[in-house]
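Here is a report on one model, chain by chain. Keep the sequence and the 3D view open as you read.

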Amino acid sequence: MKLGARKTILLGIASAVVLTTAGCGGGLLSSGDSGSTAASGPIKIGMVVPISGSSAPTGAYMKNGAQLAVDEINKAGGVLKGRKLELMVEDEACDAQQAVASANKVVSAGAVVSVGGYCSGATLPTLPIFQKANIPMIIPAANSQDLVKQGLANVFMINGTGKQQSTTALAFMKKSGFATVALVDDNTSYSKDITTETQAQIDKDGSVKVLLNTSVTAGESDYSAVVRNIMGKNPALVYWTGYYQEGGLIINQLKKAGFTGKIMVADGSVDPSLAKIAGAGAEGVFATMTQTPDTIKGAEKWIANYKAKFSSDPGPYSTQSYDAVRLAAKAIEDAGSTKGADIIKALTAIDGFSMFSGPLKFTPEHTLSSGGFVILVIKDGKFVLNSVQP
Amino acid sequence: MSENVDSTQAPRKIGPPLSRISRLFESKQLGWVALGGALLAPFVTATPYSLNVMTTAAIFVLLASGLNIVVGYCGLLDLGYIAFMAVGAYTAGILSKSFDLPLIFTIPAVLVMTILAGLIIGAPTLRLRSDYLAIVTLGFGEITRITANNLTITGGPSGIFGIPGLLTIGRFDVQQPAVLYYVTVLVVALFVLASARLGKSRLGRAWRFVREDEDAAEAMGIHTYKVKLLAYIFGAIWGGCGGVLFAAHLSAVSPQSFIFLQSALVLMAVVLGGMGNMRGVVIGALVISLLPELLRDLAAQRYLAFGLLLVIVMVFRPQGFWPARGYERDRGSDGADEAAVARGESR
Amino acid sequence: MTAILEVKDLQIAFGGVKAVDGLSFSAHEREIIAVIGPNGAGKTSAFNCITGFYKPTSGSVLLNGLDTTGKRPADIAAAGVSRTFQNLRLFPDLTVLDNVRAGMHLYGGQNWADAILHTPRFKRSEAMYTEEAHHWLDFVSFEGARGVPVRNLSYGQQKRVEIARALARKADLLLLDEPAAGLNYSEKQQLLALCRRIRDLGTAIVLIEHDMGLVMELSERIIVMNFGREIAVGTPAEVKANPAVIEAYLGKDDEGVQSNGDA
Amino acid sequence: MTQLIWDGLFVGSFYALIALGYSMVYGIIKLLNFAHGDIYMLGAFIGFALLTSMGGIPASLSLGALLLVLLASMLLTGTAGVIIERLAYRPLRGAPRLAVLITAVGVSFSLEYGVSAVAGPNPRAFPVRLEGGVFDVLGARVSLPQIVLMLIAAGLMIALNSYIQKTSTGRAMRSIALDTNASLLMGINVNAVITRTFFIGSALAGAAGVMAGAYYGKIDFLMGFIIGLKAFTAAVIGGIGNIKGAMLGGLVLGFVEAFGTEWFGGQWRDVFAFAVLILFLTLRPTGILGERVTERM
């Protein structure tokens, strides 16, 4: 009786498998092409951003920005004679494994363009996936030099690179006469990229002196060690290139320790919460950042739309994501098709497409010709455009 | 109070496998059925996504079966197991990238490195009491991650990317998702079989003796320290090979993939599945790795669920959902023992 | 012929307390020696010193002529000692057979590679393990299921399994720590017979026991301990007559009666 | 230099406060309460919730309000600790260590992701800040908040110590630590004492959480993980199960980290702490003050 039972289950499983095999499509035997370049119906746009994890809030800002653009375009009649856009958001959680899974999901779903990418470390392993599928990537936020180093044809970055950011930073230091600077990163690839670039450019330029270039461990509360270090060197400017969580703490603790010099943060720290965490000490903190709606004249209408739609203020990279989608739509329109190769061609050809960061033209290595970085400063707990610009 | 006295008082009861179902689950063929299912799965769905998810799951199964040797068989709680995978992945990645080798040729080096890692972590700590050991392994896990994050040879925080594929022979590239999936499944199957067989050998029994009562084991001439170290080394090898597959699968290795959370997930797979029972562990691994993919919307809450589940399982069913079968065939037909169990329990 | 076990001036102290204070005795082939004495006399401590679970403060232990003082238990077991514990120390979740197989660990006969590849060698040795296990269970006349976890067995059965495990070690010297504790009269009689059968294998037995009846009937020599010291040695008759013993043990007969009664 | 010592001392007092809970629980039921660090996190969030519910607090009253909240959170985290012990640990009393440890890991996860489910994954800025004058002591900048916090910490530890030394409960705790079964025979209500132990330990951790929130100003649901491990390290350094040792260990670890980061750089800070932990466990598991435990057999 035992044997009998065993046989039946074996048979059962086997037959079940066979049936499903015969039944469903998408299997090895069925035609592998998952209809990514279908000639009709909505056009899928994939977006892999952090929905969970410590960077989740930024992911939400990006998602909203992209959604706003999609809705506007669809309201205006879509692309390629009335085909609607459809945004597909998947979680990246700043983890390579998650990102790869999500990227594959997006590819499988037949997206024709990817407009995601926030954590450089997690975005890097997704490059080969989109490349294999020949899907263009318009990366709105992640900006590590490593992304474009490999010179992949399908990768475009519309956020300023670490290099461009550090150029702006250096220019600002020289212009406002900061002779000595301390570079502090949080040991993430994004952050280290900026410090290394800054260090390199300063060394080349020579007019500013780096007194200290150090890293801290993200996720801790007590940064007295680095604070002590900075106090010892007493630079005119501290340039923090990490994210706002630690940035706020370090600013706060620097001020508590009686630091009299100025502090500047990179775009990763440009978040409303920075000032909240840093407390009173945040006043007068500079930031290197691409234009945000609050700093762009004539963007009030855009902000109003955003607020009306999501009943919350736009945040970091809302604009870049918004532009990424518009750019994708434009490229598809120009290409006149949803074939990856055509869209990539169209993207490379684009010239003068107007975005928040200014008119767009890609450099040979597919980055912005001008990073569009500006200097912000915190006034009454809000980031505003600084009077002095490099 | 003494550990051993504790373990005998452990609130466990392993009932006899009376129902037909459980007998089926104990059947020898089950492994083959599972393998068959895994091999046929791509015929059902072969989108890059599903293949990716299935490959990840398979690698996770390998990890779980490795940790099962350490935790399940030998009863050593390792909270930093993912470190071994990190060692494997980084060794493979660095070598294959810098010498532009197919990953497969890095395996010897990986073995050496992981065994070394096992010795380095195990040798000083295995004399510690189990709870100290747990924390120390956790410490080693974190140290490994942080070191990988700080060194330049490991590519610092952004890690290593653009790693060459597992193997390419002429126009045949193992890196194609489907092919890679099959390779992974077969490798994993072999490892799972191997660890299951180890569990049923003299060494495997020695591990269980150590788990149940170290002193009694010593008294029978078992070098508990050596035996534990062996468990560690085998666990390390399993993890290291998992690392190679991981590197091949993602073509990139970065520190964020080796946080404590990952170690904890593997541990959950082992504990929930049923410590010491390879079949249970495989199921546990599949559930832990596939469930979040199936219901991505709940992904954010899954750790809460897992945490609660751990507590509940430990309190109400410490041996896991599918515990190791506490029975073996007696000299006579195995009807005898069940009858006897009834007697045994009626006492 | 050389003694299987030779204990010379064994001493162990915990803090200030001297649990064993200068114990010396030796055991030969086919000899059954009983160590008796009131609770806390240091009998079990002495056992733990001999088997390496305690490191003696001073003195030496020789097994078949070679010095095993302060070696780790596994090595001493390999040198030819096997033991049972005062209160059962089986592997509760493992089957009866596996518990007995534990005693055979030193047989070897396979390595991990054999296990993974399931080589003929592996199959042979596994078969041998099982056969031996059954043999020793038969030897201790263990009836009942052998494929079930020992935790499901009765106390008496578990005691048998523990002895079978110790025997499977095939040691020259067998240390039994209160083997009769908690057994009823008939079980004790069976134990008596079993000990004699073990003795006839050529094994030397040293047992700690409170049941005077059993001790007197079974053992050729009796060592009486008190406060860690050996206060008397000799045949049952001699010890019975020894005034020091009588003093240390007021009414040893009650002892016997009690432990007979508590079945 | 003096700055270095002062900072070490300050951080160390936090570690000590949490280490106490570890040490007490371990000393009494040999349970490594993996979730203890998350109780600290819980305390911070409870404090956060209470303060925000109070609404705007004038700076003049902030310290008073903070003290109130501190006490309230201590009560609540203490209770939480007791509940956890009841539901998760007590059923496993006498189970193998492995099972209990895994349970503790589970509890830790439940707390972390439970809080993140309720309060959201984003870090929160603490509503009330301890701001205050700064003065110079032998070249070290010492701020009023720091002194206040360290006084509170010291006060709590002294109170605990005298509680354990003088009261009958304290004696009971010590006797259980020595021999649970014997204490049972002596008619000590072991469960009651263990409950009390969990309450006190968790309350102290909760206090540390609120203090950290008020001083550093940022809290998030994972803040307890690393500091929990550090606190355990501190407990081990001092000699686990030893109350004075826990305090000492906290301070020592504070120094070790301060000097370590000074010499090796901030990114190695955790490596440093863990290395110390491993060294102590392997070379001197009884810690600095822990007396030699007689080997069980």
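## Terms and numbering

Two residues are in contact if their C-beta atoms, placed from the backbone, lie within 7 Å. This is a predicted model, where local features need pLDDT of at least 70, side-chain atom pairs count only at pLDDT 80 or more, and totals for chains, interfaces and linings use all residues. Residues are numbered from 1 along each chain as its sequence is written, while chains are lettered from A and ligands numbered from 1 in the order in which they are written.

## Chain A overall

Among contacts in chain A between residues at least 6 apart in sequence, 69% join residues at least 24 apart. Chain A holds 14 helices and 14 strands. Helices (H or I, at least four residues) and strands (E, at least two) are DSSP runs, numbered from the N terminus. Of its 390 residues, 55% are buried. A residue is buried if 20 or more other C-beta atoms lie within 10 Å of its own, exposed if 12 or fewer, and partly exposed in between, with C-beta atoms placed from the backbone.

How confident is the predictor in chain A? The mean pLDDT is 84, and 90% of the residues reach 70 or more. (pLDDT is the predictor's confidence in each residue, from 0 to 100.) Residues 1-7 of chain A fall below 50, and this stretch has 6 contacts beyond near neighbours in sequence. Residues 31-36 of chain A are also below 50, with 8 such contacts in the model. Where pLDDT is low, the predicted coordinates should not be read in detail.

## The two domains of chain A

Chain A splits into domain 1 (43-159 + 317-356) and domain 2 (163-292 + 375-385). These bounds come from an automatic or database domain assignment. The C-alpha centres of the two domains of chain A are 29 Å apart. In the contact between them, 10 residues of domain 1 of chain A meet 9 residues of domain 2 of chain A.

Now look at the side of domain 1 of chain A that touches domain 2 of chain A. Helices α4 (120-123) and α13 (318-335) of chain A each supply at least two of its residues. That side has 1 nonpolar residue, 9 polar and no charged. (Ala, Val, Leu, Ile, Met, Phe, Trp, Tyr, Cys and Pro count as nonpolar, Asp, Glu, Lys and Arg as charged, and the others, Gly among them, as polar.)

## A closer look at A:Q245

A:Q245 sits in helix α10 (residues 244-256) of chain A. Is A:Q245 buried or exposed? A:Q245 is buried, because 22 other C-beta atoms lie within 10 Å. Leaving aside neighbours within four places in sequence, A:Q245 is in contact with A:S54, D:P123 and D:K218. A:Q245 and A:D271 are 26 residues apart in sequence, and their C-alpha atoms are 9.3 Å apart in space.

Chain B averages a pLDDT of 83, and 84% of its residues score at least 70. The pLDDT stays under 50 over residues 1-18 of chain B, where the model has 38 contacts beyond four places in sequence. Residues 333-347 of chain B are below 50 as well, with 24 contacts beyond near neighbours in sequence.

Helix α5 (residues 82-99) of chain B has 18 residues, which at 1.5 Å a residue should span 26 Å; its end C-alpha atoms are 26 Å apart, which agrees. (The expected span is 1.5 Å times one less than the number of residues.) In α5(B), 14 of the 18 residues are buried. B:D100 follows α5(B) and has a positive phi, near 50°. Helix α14 (residues 302-316) of chain B passes the span check too: 15 residues should span 21 Å, and the end C-alpha atoms are 21 Å apart. Its buried residues include B:Y303, B:L304 and B:F306.

## Chain C

Chain C has 11 helices and 10 strands. Its radius of gyration is 19 Å, close to the 18 Å that the globule rule gives for 263 residues, so chain C is as compact as a globular protein of that length. (The radius is taken over C-alpha atoms; the rule is 2.2 Å times the number of residues to the power 0.38.) Buried residues make up 51% of the 263 residues in chain C.

Chain C is assigned domain 1 (1-80 + 171-263) and domain 2 (92-169). Their C-alpha centres lie 27 Å apart. The contact takes 10 residues from domain 1 of chain C and 9 from domain 2 of chain C. On the side of domain 1 of chain C that touches domain 2 of chain C, α7(C) gives the largest share, 3 residues. That side divides into 8 nonpolar residues, 1 polar and 1 charged.
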